[in-house]
Amino acid sequence: MGTFELIAKHGEHEEVVFCHDPDVGLKAIIAIHNTALGPALGGTRMWNYRTEEEALVDVLRLSKGMTYKAAAAGLNLGGGKAVIIGDSKTQKTEGLFRAFGQFVNSLNGKYITAEDVGTCVTDMEYIFMETPFVTGIPKDFGGSGDPSPYTAHGVLMGIKASAKWKLGTDNLKGMRIAVQGLGNVGTHLVSYLVGEGAQVVVSDIDQAKCKQHHDKYGVTVVAPDKILFEDCEILAPCALGAIVNDETLRKFKTKVIAGGANNLLAESRHGDHLKELGILYAPDYVINAGGLMNVFVELEGYSHERAFEKTRKVYDNCTKVFEIAQTDNLGTHIAADRLAEERLKTIGKLKQRHQGKSSRNFTTLKEVTNR
Ligand code: NAD
């Protein structure tokens, strides 16, 4: 399939930019899916793609996902993403990221980048030397730092909203909640849940992390192959994607699935199966939007308090999704898409498109978000 056909097949992207600088070995693609609500924000992934086509398909898919995530989160942001083709362990250089930063800058704030798989704060610092249109820079530079506590706080809010909807109360005291994965998000989530008085069960393939959590919080530890099938009120997956699949579906003993991990459904039809089984699913991109909300606050001039406050909105966003699902008799995964598409249509119409709106050069993030 030709490049243009491939782009058309994966959604109506506004702009796809191929970035090439042989001097520093840069091959990257920036995909801007939709800027109806605001500038396109999404991280830069560095990955050793086997082919350029694979990289293109990934960036097209991920940038579209960001449009939906920002729209459902109620943020005035569009969806974009970038990929750098290369091995993040061996091919990173200052020159590579600065050259990439120049490409980002050439888009004049229409695309704002951030960290993603394979990139880190140091890489963002190099990009920041060439462009202001980058977030996730260190706190010393006015950035927001690690997003995980905010993601986890949003997940807590989503868990509360789900509990209210399915179990009639958002008081988590005594509720049995199983957390899969004790990484950046899981660790913070466990501390919040313990603070709420929940009865927490955890698992990680890293036994040291399990012991640490058991010693610190007194939580129960179970084996990695048992955690998904715990008899519990709420299952909070915070490790891998695709944990809802043909194999796991019939074995769940939970009433709610609400966690931080991305792409929880192996396929969309598995969301329909959850509905049939009466398991309430808090859609991944709605419940894990706290990190994106945190970055959004960075665009306005960062404040920890405001970022934390903003993540409370995840409660309302999840409830809205559940209401749409109930009213229209849909799986919550489809209802989430509806919520996002509705906002893109109505609010997007009110805001002028960023594309080609002005010939003026923007020099700061604030100017771009306020335009
Ligand atoms: P992480 O790599 O820090 O943590 C993942 C943890 O899961 C690790 O401790 C790992 O050992 C554990 N794990 C892996 N396989 C497991 C298994 N089979 N059973 C139990 N534990 C297992 O990642 P993270 O940053 O905490 O992110 C977790 C998930 O949340 C990912 O899907 C990520 O895409 C998503 N997410 C993260 C953020 C964020 O702010 N970090 C934001 C949005 C979404």
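Which residue's side chain does a polar contact join to that of Glu-196? In this predicted model, the partner is Lys-160, and the two side chains come to 3.0 Å. Glu-196 itself sits in the loop that runs between helix H6 (184-195) and strand S8 (199-203). With a relative accessible area of 26%, Glu-196 counts as partly exposed. Leaving aside residues up to four places away in sequence, Glu-196 touches Leu-156, Lys-160, Leu-172 and Lys-173. Lys-173 is 23 residues away from Glu-196 along the chain, yet their C-alpha atoms are 5.9 Å apart in space.

Another lysine, Lys-81, belongs to strand S5 (residues 78-85). Lys-81 is buried, its relative accessible area being 6%. The side chain of Lys-81 makes a polar contact of 2.9 Å with the side chain of Asp-116. Beyond residues up to four places away in sequence, what Lys-81 touches includes Ile-29, Ile-30, Ala-31, Gly-42 and Gly-43, along with Val-59, Leu-62, Met-66 and Tyr-111.

Then there's helix H12, which takes in residues 313-327. Its 15 residues reach 21 Å from first C-alpha to last, close to the 21 Å expected at 1.5 Å a residue. Buried residues of H12 include Val-314, Tyr-315, Val-321, Phe-322 and Ala-325, and Asn-317, Cys-318 and Thr-319 are buried as well. Among the elements covering these buried residues are helix H2 (52-73), helix H5 (148-167), helix H10 (290-300) and helix H13 (332-350). Just after H12, Asn-329 adopts a positive phi of about 50°.

How values were computed. Residues numbered from 1 in each chain as written. Predicted model: local features only at pLDDT ≥ 70, side-chain atom pairs only at ≥ 80, totals over all residues. Heavy atoms only, no water. Helix = DSSP H or I, 4+ residues; strand = E, 2+ residues; numbered from the N terminus. Buried < 20%, exposed > 50% of the residue type's maximum accessible area, 1.4 Å probe, protein only. Polar contact = N/O pair within 3.5 Å; in protein donor to acceptor, adjacent residues only side chain to side chain. Contact = heavy atoms within 4.5 Å. Expected span 1.5 Å × (residues − 1).
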